[in-house]
Amino acid sequence: WDSNSGSHQFTRDLGYKYEAIFGIETSATISEKRLCVGMRADNSFPPTGTTNPSSYLNWSGMGADTGDANWQLMTNDGSGTATKFDTGWAKAVGEVFHVVVEGNASQVVVTAHRWASSNFTAIPTATVTQTFTTKIPAGTTGVAPTMFMVCGTTAETTRIAGIWQRLRTPF
């Protein structure tokens, strides 16, 4: 991704693998938070505090809307709202996640590994994988890494700790 021109150079047709390790560092009202970690075509910032990630167009990854009790794997093409896959993991502070988003010509695969706050070992507490073949960004749509969390309607300090990110292509 060229940060000077804003052009996105990663597409599903070319193939990519994005990985991020992060944690929710602080938040008193986690239920209101909106989270988006993955590959997104529109990386305009700042995102608004009241816009849910499921409404973002052309993106795939892990996220949560304000009304979601659990973290979701999501994908959305150029219209409508995202397709969601419920991880079954309640939104909580102090957990660490490793999210992998792999795009190729026919699908987007999103995998999330979770470490509960009481179990920081080399082996994740849980892993969920979902393969999306519909509602995915078009093969030629440029996408770039994105990682953010916004407050919602409650004004408070909210921090997402982005520990590590990597983006690879087959070239």
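1. Going along the sequence, the protein chain reads β-β-β-β-β-β-β-β-β-β. That comes to zero helices and 10 strands, where helices (H or I, at least four residues) and strands (E, at least two) are DSSP runs numbered from the N terminus. Keep in mind that this is a predicted model, in which local features need pLDDT of at least 70 and side-chain atom pairs count only at pLDDT 80 or more, while totals for chains, interfaces and linings use all residues. Residues are numbered from 1 along each chain as its sequence is written, and side-chain values use heavy atoms, with hydrogens and water left out.

2. On the whole chain: buried residues make up 47% of the 171 residues. Buried means under 20% relative accessible area, exposed means over 50%, and partly exposed is in between (1.4 Å probe, protein chains only). Of the contacts (heavy atoms within 4.5 Å) with a separation of 6 or more, 60% are between residues 24 or more positions apart.

3. Now the sheet. Five strands form an open sheet in the order E5-E4-E3-E2-E9, with antiparallel pairing; two strands pair if DSSP finds at least two bridges between them. Strand E5 (83-90) and strand E9 (144-150) are the edge strands, each pairing on one side only. On average, neighbouring strands of this sheet are turned by 15° against each other, direction ignored; the axes are lines fitted to C-alpha atoms, and angles run from 0 to 180 degrees between N-to-C directions.

4. What about the nonpolar interior? A nonpolar core here is a set of buried Ala, Val, Leu, Ile, Met, Phe, Trp, Tyr and Cys residues joined through side-chain atoms within 4.5 Å. The largest one has 28 residues, and Phe22, Met62, Trp71 and Val101 have the most contacts inside it. E1 gives the largest share of this core, five residues. Apart from it lies another core of seven residues, including Trp59, Met74, Ala82 and Phe148.

5. Methionine 62 deserves a click in the viewer. Not counting residues up to four places away in sequence, methionine 62 touches Phe22, Leu35, Cys36, Val37, Trp71, Gln72, Leu73, Phe97, Val99 and Ala112.

6. Next, the rings. There are four aromatic pairs in the whole structure; rings of Phe, Tyr and Trp (its six-membered ring) pair if their centres lie within 6.5 Å, with planes under 30 degrees apart counted as stacked, over 60 as edge-to-face and the rest as tilted. Tryptophan 89 and phenylalanine 97 make a stacked pair because their ring centres are 6.2 Å apart and their planes are at 25°. Both tryptophan 89 and phenylalanine 97 are buried, and Phe22, Trp71, Trp89 and Phe97 form one aromatic cluster.

7. Two residues have backbone angles to check. Asparagine 58, in the loop between E2 and E3, has a positive phi of about 55° although it is not a glycine. Lysine 135, in the loop between E8 and E9, also is not a glycine and has a positive phi of about 60°. Asparagine 58 is buried, with a relative accessible area of 16%, whereas lysine 135 counts as partly exposed at 23% relative accessibility.
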